[in-house]
Amino acid sequence: QVQLVESGGGLVQPGGSLRLSCAASGFTFTTFSDYAMNWYRQAPGKERELVATVTSAGDSTNYAHSVKGRFTISRDNAKNTVNLQMNSLKPEDTAVYYCNAVRWSRGYWGQGTQVTVSS
């Protein structure tokens, strides 16, 4: 069973930065590099939204309009990790951030890490 563990969340002032990490493990018949990786977020009272995506090879990324130019997703297939560098944070970025691994129709989720942007 694939397991995803997020870390790096916390409280930060507006304009600050945070780096989220997601460590993946538990691969049996597949490897980390078989999966596209995503970061989602869910704010209180709102639906979960896709924030950033990186392809399995790490050669292409995509971002929600609201974070483009401020967030950067990256992965290290040798270390089974995916990161989300978040700069110029805004109060509206406050949410629980989730790591997601997808291969064909199969997906796995982490437990989430809280990011709070407040002065």
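The following legends describe close-up views of a predicted model.

Residues are numbered from 1 along each chain as its sequence is written. Because the model is predicted, local features need pLDDT of at least 70 and side-chain atom pairs count only at pLDDT 80 or more, whereas totals for chains, interfaces and linings use all residues; side-chain values use heavy atoms, with hydrogens and water left out.

**Figure 1. Overall fold of the chain.**
The chain holds eleven strands and zero helices, where helices (H or I, at least four residues) and strands (E, at least two) are DSSP runs numbered from the N terminus. From the N terminus on, the order of elements is β-β-β-β-β-β-β-β-β-β-β. The C-alpha atoms fill a box of roughly 45 × 25 × 25 Å along the principal axes. The radius of gyration is 14 Å, which agrees with the value near 14 Å for a compact globule of 119 residues; this radius is taken over C-alpha atoms, and the globule rule is 2.2 Å times the number of residues to the power 0.38. Of the 119 residues, 40% are buried; buried means under 20% relative accessible area, exposed means over 50%, and partly exposed lies in between (1.4 Å probe, protein chains only). The accessible surface comes to about 6,400 Å², with 48% belonging to carbon and sulfur atoms; areas come from the Shrake-Rupley method with a 1.4 Å probe, and for residues only the protein chains shown count as cover. Among contacts with a separation of 6 or more, 53% join residues 24 or more positions apart, a contact being heavy atoms within 4.5 Å.

**Figure 2. Strand 1 and its pairing with strand 3.**
Side chains alternate along strand 1 (residues 3–7). Strand 1 pairs with strand 3 in the antiparallel sense over five bridges; two strands pair if DSSP finds at least two bridges between them. Gln-3 has Ser-25 of strand 3 as its bridge partner.

A pair of aromatic rings is described by the distance of the centres and the angle of the planes. Rings of Phe, Tyr and Trp (its six-membered ring) pair if their centres lie within 6.5 Å; planes under 30 degrees apart count as stacked, over 60 as edge-to-face and the rest as tilted. By this rule there are five aromatic pairs. One of them is the tilted pair of Phe-27 and Tyr-35, with 5.5 Å from centre to centre and 50 degrees between the planes. Phe-27 and Tyr-35 are both buried. The rings of Tyr-35 and Tyr-108 form an edge-to-face pair, because their planes stand at 65 degrees and their centres are 6.2 Å apart. This pair links distant parts of the chain, 73 residues apart: Tyr-35 lies in the loop between strand 3 (18–25) and strand 4 (36–42), and Tyr-108 in strand 10 (residues 106–109). Tyr-108 is buried, as is Tyr-35. Phe-27, Phe-32, Tyr-35 and Tyr-108 form one aromatic cluster.

**Figure 3. The hairpin of strands 9 and 10.**
Strand 9 and strand 10 run antiparallel and are joined by four bridges. Val-102 has Gly-107 of strand 10 as its bridge partner. The two strands form a hairpin with two residues between them. Trp-104, in the loop between strand 9 and strand 10, has a positive phi of about 55 degrees although it is not a glycine. Most residues other than glycine have a negative phi. Trp-104 counts as exposed because its relative accessibility is 75%.

**Figure 4. Arginine side chains over aromatic rings.**
A charge sits over a ring if NZ of Lys or CZ of Arg is within 6 Å of the ring centre and within 35 degrees of the ring normal. Arg-48 lies over the face of Tyr-98, at 3.8 Å from the ring centre. Arg-103 lies over the face of Trp-104, at 4.2 Å from the ring centre.

**Figure 5. Loops on either side of strand 8.**
Asn-77 lies in the loop between strand 7 (71–76) and strand 8 and counts as partly exposed, with 28% relative accessibility. Leaving aside residues up to four places away in sequence, Asn-77 touches Phe-32, Ser-33, Ser-56 and Ala-57. Asn-77 and Leu-89 are twelve residues apart in sequence and 27 Å apart in space, C-alpha to C-alpha. Ser-88 lies in the loop between strand 8 (81–86) and strand 9 (95–103). Its phi is positive, near 50 degrees, in a residue other than glycine. Ser-88 is partly exposed, with a relative accessible area of 41%.
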